[in-house]
Amino acid sequence: MSDFTWHLMADERPTNEDARYLLMGNGGGMYVGTISTLRCANGSTTFHIPNHRDGYMVSNRIKAWAEIPPLEVTA
């Protein structure tokens with residue numbers, strides 16, 4: 001299984017709009033989301049999180065992120 005590489009949102013933001021991300025909220029909550037094509041006026045990245053009550057989360061509410069690697073199954 002591949003390892004996750006965590007990145008602090010304050011240092012860098014994800015750019016791959018086709019990838020899925022594991023997101024850690026500022027309060028410690030964990031979410032799975034994708035980058036939304038929507039952008040905030042202040043330049044923040046917006047994430048679509050289907051299981052979140054609002055459906056979207058702005059980057060200033062996220063502490064860290066990691067790209068979820070594709071599943072590699074070996075026989």
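In which strand is the place of M30? M30 is found in strand β3, which spans residues 30–39; strands (E, at least two residues) and helices (H or I, at least four) are DSSP runs numbered from the N terminus. The model is predicted, so local features need pLDDT of at least 70 and side-chain atom pairs count only at pLDDT 80 or more, while totals for chains, interfaces and linings use all residues. Residues are numbered from 1 along each chain as its sequence is written, and side-chain values use heavy atoms, with hydrogens and water left out.

**Overall architecture**
- The protein chain has zero helices and six strands, in the order β-β-β-β-β-β along the sequence.
- Of its 75 residues, 31% count as buried, where buried means under 20% relative accessible area, exposed over 50%, and partly exposed in between (1.4 Å probe, protein chains only).
- Residues 24 or more positions apart account for 48% of the contacts with a separation of 6 or more; a contact means heavy atoms within 4.5 Å.

**Strand β3**
- M30 counts as partly exposed because its relative accessibility is 42%.
- S36 also lies in strand β3, and S36 counts as buried because its relative accessibility is 7%.
- Not counting residues up to four places away in sequence, S36 touches T46, F47, H48 and Y56.

**Nonpolar core**
- The largest nonpolar core has 10 residues: M9, A19, Y21, L23, I35, F47, I49, M57, I62 and W65.
- Such a core is a set of buried Ala, Val, Leu, Ile, Met, Phe, Trp, Tyr and Cys residues joined through side-chain atoms within 4.5 Å.
- The elements that give two or more residues to this core are β2 (20–25) and β6 (62–67).
- Leaving aside neighbours within four places in sequence, I62 is in contact with M9, L23, M24, G25, N26, F47 and M57.
- In soluble globular proteins, nonpolar side chains tend to be buried together.

**Aromatic pairs**
- There are two aromatic pairs; rings of Phe, Tyr and Trp (its six-membered ring) pair if their centres lie within 6.5 Å, and planes under 30 degrees apart count as stacked, over 60 as edge-to-face and the rest as tilted.
- Y21 and F47 form an edge-to-face pair, at 6.3 Å centre to centre and 80° between the planes.
- Y21 lies in strand β2 and F47 in strand β4 (residues 45–48), so this pair ties together parts that are 26 residues apart in sequence.
- Y21 and W65 form an edge-to-face pair, at 5.6 Å centre to centre and 85° between the planes.
- This pair links Y21 in strand β2 with W65 in strand β6, 44 residues apart.
- Ring pairs link Y21, F47 and W65 into a cluster.
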